[in-house]
Amino acid sequence: MPITIKDVKTILIQPLESDYQPTTHIIVKVITSEPGLYGIGCATFTQRFHAVKTAIDEHLTPLVIGRDVSRIEDIFQMSMVNSYWRNGPVLNNAISGIDQALWDIKGKMAGMPVYDLLGGKCREAAACYSHAGGDTKEACLESVQEKMAAGYSHVRVQMGGYGGKAEVLKKTENAQDGAYYNPKEYMRRHVEMFHYLRENLGFEVELLHDIHERLSPIDTINYAKDLEDVKLFFLEDALAPEDIAWFRQLRNQCATPLSMGELFNNPLEWRTLVQERLIDFMRMHVSQMGGISPARHAVSFAQAYNVRTAWHGPPDTSAVGHAANLHLDLWAPNFGIQEWCEFPELIYEMFPGLPEVRDGYMYANDKPGLGIDINEELAAKYPAEKNYEIKWTQTRLPDGSLARP
Ligand code: MG
């Protein structure tokens, strides 16, 4: 008798508060017909969490109940096509939660960590980068130095948040609320800041930067060229997904390494970028692409073109999602770097087995499956009760028109 899926539980938690909104994490628990055997996965789409919960509870759960837990690939493929319309946010997140939980279950059944199921370790630990920033170049320098003192050799730097906080920002009359920024000022101030960092730090520390798709394509090309002698480890989201054809022009003019992918939902979005060697790092959000199964396919595809991985690892990836990233990192022959957001102690208590970062490297604990569990009693104290309007994605240019966030 095969072990089958008995039930699926969707757990919404709001354990983190930032200055602008709570962050909702979505954890999926797949319970099997074998007493005590279950797996957990990350289905987080923090901006639309109710929609993901409904997709899991009302659509996917009835579809997967009774199915053989060992058939991960078949359940993934079937979940993608069963809705006919596919490869979109919400459904991809829902599918990811179940997919990751099934890999966790398979590891527990085999008595092996997921990285062993994938093919075994290619490295002992995953090099991570952490986030530094401040409102001035001096504050950015201090912040990078703090990260270096904590052991990081790779640091992402943003001055004044995404798009930069404009020192002088002339708005129109009757301007609507929003996260305003001035693209030209952002470019000027950041080029100056990065040169200041290099003058003070030298070139040994690897610096990264995220444009967050906030520039027009031709401004991006100029900006990437101006940053060329700063020698970034990579420049992230240089263009919006809608503008990816511009990567050809950017690539032809500039040797700044490029990373892209956290907003992608459909394999068609990254395939051409990899095949034409237009990016150096693909950094999809593993729960946004559908889980470990499609990520594994993407790794092997990218390896054929010598493109490396840099999975998205922000605070709106749950602890379980970070564990899934790490198992892919330890196995993938073409691993590049892992983004890491430094969770507070509460998250370590809520998710025993959450990977630890020491001296800039993330380590797995070598337990079977994903090696992470959820303390449901503690999680229940942080329920996702609050609904909130997402402010930071209401990004505007000085004249008041909306920009991509
Ligand atoms: Mg990013």
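A residue is called buried here when its relative accessible area is under 20%. By that cut-off, strand β3 (residues 38-42) of this predicted model is mostly covered, with 5 of its 5 residues buried.

The neighbour of β3 is strand β2 (residues 22-32), which runs antiparallel to β3 and is joined to it by 5 bridges. Within this pairing, valine 30 has glycine 39 of β3 as its bridge partner. The two strands form a hairpin with 5 residues between them. Glycine 36 lies in that turn and has a positive phi of about 85°.

The next site is the magnesium ion. Its protein donors are Asp210 (OD), Glu236 (OE) and Glu262 (OE), at 1.9 to 2.3 Å from the ion. Along the sequence these donor residues follow the spacing D-x25-E-x25-E. The pair of aspartate 210 and glutamate 236 links distant parts of the chain, 26 residues apart: aspartate 210 belongs to strand β7 (residues 206-210) and glutamate 236 to strand β8 (residues 234-236). Both aspartate 210 and glutamate 236 are buried.

Aspartate 210 also takes part in a salt bridge, its side chain meeting that of arginine 156 at 3.4 Å, N to O. Arginine 156 lies in strand β5 (residues 154-159) and aspartate 210 in strand β7, so the pair ties together parts that are 54 residues apart in sequence. Aspartate 210 has a relative accessible area of 1% and therefore counts as buried. Arginine 156 is buried because its relative accessibility is 5%.

In total, the model has 22 salt bridges. One of them joins the side chains of aspartate 68 and arginine 71, at 4.0 Å from N to O. Here arginine 71 counts as exposed, because its relative accessibility is 52% and the cut-off for exposed is over 50%. Another salt bridge is formed by glutamate 389 and lysine 391, whose closest N and O atoms are 3.8 Å apart. Glutamate 389, at 49% relative accessibility, counts as partly exposed, and lysine 391 is likewise partly exposed, at 44%. Elsewhere, salt bridges that share partners join Glu236, Glu262, Arg283 and Glu339 into one network. Two members of that network, Glu236 and Glu262, are also among the donors of the magnesium ion.

Conventions: Residues numbered from 1 in each chain as written. Predicted model: local features only at pLDDT ≥ 70, side-chain atom pairs only at ≥ 80, totals over all residues. Heavy atoms only, no water. Donors = N, O, S within 2.8 Å, 3.2 Å for Na, K, Ca; no water. Helix = DSSP H or I, 4+ residues; strand = E, 2+ residues; numbered from the N terminus. Buried < 20%, exposed > 50% of the residue type's maximum accessible area, 1.4 Å probe, protein only. Pairing = 2+ DSSP bridges.
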